Amino acid sequence: MNYNWNWAVFLQISPDGVHTYLATLILGTGWTLATALAAWCMALVFGSIVGVIRTTPHPWLVRLGNGYVELFRDIPLLVQMFLWYFVLPELLPADLGDWLKQLPNASFYTAVVALGFYTSARVAEQVRAGIMSLAGGQRMAALALGLTLPQAYGYVLLPLAYRIILPPLTSEFLNVIKNSAVALTIGLMELTARARAMQEFTFQVFEAFTAATVIYIVINIAVTFAMRRVERRVAVPGMIGTAPQAVSH
Amino acid sequence: MFADFDFDVIIRSLPYLFYDGMTFTLTLTVLATIGGIVFGTLLALMRLSGIAPLALLAAGYVNLMRSVPLVLMIFWFYFLVPYIGQWMTGASRPIQVGAFVSSLVTFTLFEAAYFGEIMRAGIQSIPRGQVAAAQALGMTYPQTMGYIVLPQAFRNMVPVLLTQTIILFQDTSLVYVLSITDFLGAASKVAQRDGRLVEMYLFAAAVYFVISFAASQGVRWLQARTAIAR
Amino acid sequence: MHLKLISALVATSLGAAPVLAQELTGTLKKIKETGAVSLGHRESSVPFSYYDDRQQVVGYAMDLCARIVDRVKSELKLDKLDTKLNPVTSATRIPLMANGTIDLECGSTTNNLERQKQVAFTITHFVTANRFVSKKSANLQTVDDLKGKTVVSTSGTTNIKQITEIGAQKGLNLNILAAKDHAEAFLMVETGRAAAFVMDDILLFSLVAASKSPKDYAISNDALSVEPYGIMLRRDDPSFKKVVDEAMIATYKSGAINPIYEKWFLKPIPPKGINLNVPVSDAFKKVIASPTDSGDPAVY
């Protein structure tokens, strides 16, 4: 195998003259986590709203929610990112489009929005499954006690549902972290993009990708560990296991 | 907004998009699904086998594949497969592989982790009584698995496996990062060559949507038809 | 007398061997065994190697590689030699050479000393310079004009590395985007996402010529460096390099290089029939007169 290994390449200075390659990878990790967290917050908000409206007794709201979920689930994430990044600025009035294109961190904002909407559809599925898994009795009892529908959701259903769906939500969060790598195609210099850049400048393919792989594994383990502790603390006594989950990755 | 939407560029490039691009995408999807299910079933059996080293190996593999982004795996295998081929066949130089073979290996191995988890859930959902009855009849482990457990597990998990296939179909678009001409790659090339980003990307999104939506509706119909009253 | 006997034995064995006197090694061995040579080509490096409108791979470097393949075929005395075509990008060409996917890369790859640590190059087939293209309306003439702006280049090229280094050295505070190929990078400038695209001037030239409105663009006079292009092959493979070099030198010395150059630079080329009209530069004239495979820009 004619490949010359050079693990010391991490300590070389990258072409920008300031950071070592290892430092660029860490910077990339920072962008990965920032994108993932921002997108996750957005996904939780939108996903919860859509998940809730899909379980209301209003048929047109349910259909709206279903349409939202189908739209964002049936188009690949990469295509969605391209639509937000390349197509949207062209469809807006010229000034707005140009302003969007000239934003200093355009790829970051675009990645967050695209990833946020994509993940929100999946969160909506989980939230809906969580609410549906609660015995219908909970909703009926709440309504019988005189709570309005919004109050029933806010005080009774959602607190229970979130605690039940915490495990699948954890795996969705891990998915968001992995999916952030797709943003390299629109210019976001997150971890995978940095590893690729390092490979291109130094030709040390395996060193660069091994480092990125290790970092992703570490993030994965850390998040899984942390979430498992949270799950144990908030587990609803008497309700074992999870809501039926959509297959996801 | 849509004043000068150029439908002509879409119509002109339809043959290229579908003959070159979509056939790559569909071929990759189908072959990776078959390979992934086969390898995934193997992984599931390893994990459930009770032999600690095998179970650990399979679990480690699945966890590795599920921790790392698919994009990173695509890069890994693109550069790595020739070396693996050389090591496996003991050849004197790295084996030449093309873009398609490299993508196929990547997706098969990556999706095998997910198909494996699905099959594992399927196998575990078979009542223990089935296995006990098979053993009482004097069947060996391979016979039990091959005639009794796996067929039932497979049948039970068909909707979930198909859903995962739809996800795979969408994920094939990621070969874009290697400038490989799948459906999205073909649409991008036309878009860049003719400067028609809006038309081509919207068209690509629409095609993916129609196919995925139709497929998921199909799975839902299949689920309704084959739902066994338990 | 012993000497005569030994010479006779050597001569007989030479005559008996159907191929080269010494045993084949490296790429030549591989080509002989597999009966095929694998060429890496670009998808949009006009006019070096690119897809025409019928998705066929054509180009100046492809024609030169065809001559190299002919030479290899006759050297190995093969009846049939398949040519396999593999598309590569700036970022994948070197790793794919190293892992054996391609034997020759026929494109617009700069030959420099750093890359010679990973791969080898044959005789230079073009000499270009690293410049940038921008919209005329932006009025960007020199590298210093780029201060604070968004600049795009293609991944894996010497150009992106240079602009990163120069940007850092001069404190230009550039926002550098990496596109995965030249067409995507040019699109960034076209759509206003980037102020300038830094790339070899001949490639910029052909991108502008093929664009929707060539008059809107201006290529800088400022050149960041001199870039000699060479067809790439594997390192540490002297027998193969010898055959390739000989093919290139023969092409230059016999004058066959002239019609090939004219075909791609001085006549209309596919897909749009545009004539780039780039006469042979003085630097390249020197190379034709005394062929060199040097990676040192000072030579040119």
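The largest nonpolar core of this predicted model comprises 210 residues. Within this core, the residues with the most contacts are B:Ile74, B:Ala187, B:Tyr201, B:Ala204, C:Ala196 and C:Phe197. The element that gives the most to the core is helix α5 of chain A (residues 106–133), with 13 residues. Both domain 1 (24–128 + 227–291) and domain 2 (129–226) of chain C also give residues, so the core lies between these two domains. In soluble globular proteins, nonpolar side chains tend to be buried together. For B:Ala204, neighbours within four places in sequence being left aside, the contacts are A:Val79, B:Phe183, B:Leu184 and B:Ala187. B:Ala187 is itself among the core residues with the most contacts.

Chain C is divided by the domain assignment into domain 1, made up of residues 24–128 and 227–291, and domain 2, made up of residues 129–226. A distance of 26 Å separates the C-alpha centres of the two domains. Their contact involves 20 residues of domain 1 of chain C and 21 residues of domain 2 of chain C. On the domain 1 side, the elements giving two or more residues are β2 (44–45), β7 (119–135) and β12 (225–234) of chain C. β7(C) supplies the largest share of that side, three residues. The composition of the domain 1 side is nine nonpolar, eight polar and three charged residues.

Strand β2 of chain C also takes part in an open sheet of three strands, ordered β2-β3-β4 (chain C) and paired in antiparallel fashion. The edge strands of this sheet are β2 and β4 (57–58) of chain C, each of which pairs on one side only. Strand β3 of chain C (residues 49–51) is joined to β4(C) by two bridges, the two strands running antiparallel. C:Tyr50 is placed opposite C:Val58, a residue of β4(C).

Elsewhere in chain C, C:Thr92 is located in the loop between β5 (82–87) and α4 (93–98). C:Thr92 has 25 other C-beta atoms within 10 Å and is therefore classed as buried, the cut-off being 20 or more. C:Thr92 and C:Ser155 are 63 residues apart in sequence, while their C-alpha atoms are 9.4 Å apart in space.

Chain C also meets chain A, in a contact that takes 18 residues from chain C and 15 residues from chain A. On the chain A side, α4 (94–102) and α9 (191–202) of chain A are the elements that give two or more residues. The largest share of this side, three residues, is provided by α9(A). By class, the chain A side consists of eight nonpolar, three polar and four charged residues.

The average pLDDT of chain A is 87, and 94% of its residues score at least 70. Confidence in chain A is highest in helix α1 of chain A (residues 21–53), at 94, and lowest in α4(A), with a mean of 84. α4(A) is one of the elements giving two or more residues to the side of chain A that touches chain C. Over residues 241–249 of chain A, the pLDDT falls below 50. Beyond near neighbours in sequence, this stretch of chain A has 27 contacts in the model.

Methods: Residues are numbered from 1 along each chain as its sequence is written. Chains are lettered from A and ligands numbered from 1 in the order in which they are written. This is a predicted model: local features need pLDDT of at least 70, side-chain atom pairs count only at pLDDT 80 or more; totals for chains, interfaces and linings use all residues. Domain bounds come from an automatic or database domain assignment. Two residues are in contact if their C-beta atoms, placed from the backbone, lie within 7 Å. Helices (H or I, at least four residues) and strands (E, at least two) are DSSP runs, numbered from the N terminus. Ala, Val, Leu, Ile, Met, Phe, Trp, Tyr, Cys and Pro count as nonpolar, Asp, Glu, Lys and Arg as charged, and the others, Gly among them, as polar. pLDDT is the predictor's confidence in each residue, from 0 to 100. Two strands pair if DSSP finds at least two bridges between them. A residue is buried if 20 or more other C-beta atoms lie within 10 Å of its own, exposed if 12 or fewer, and partly exposed in between; C-beta atoms are placed from the backbone. A nonpolar core is a set of buried Ala, Val, Leu, Ile, Met, Phe, Trp, Tyr and Cys residues joined through C-beta atoms within 7 Å.
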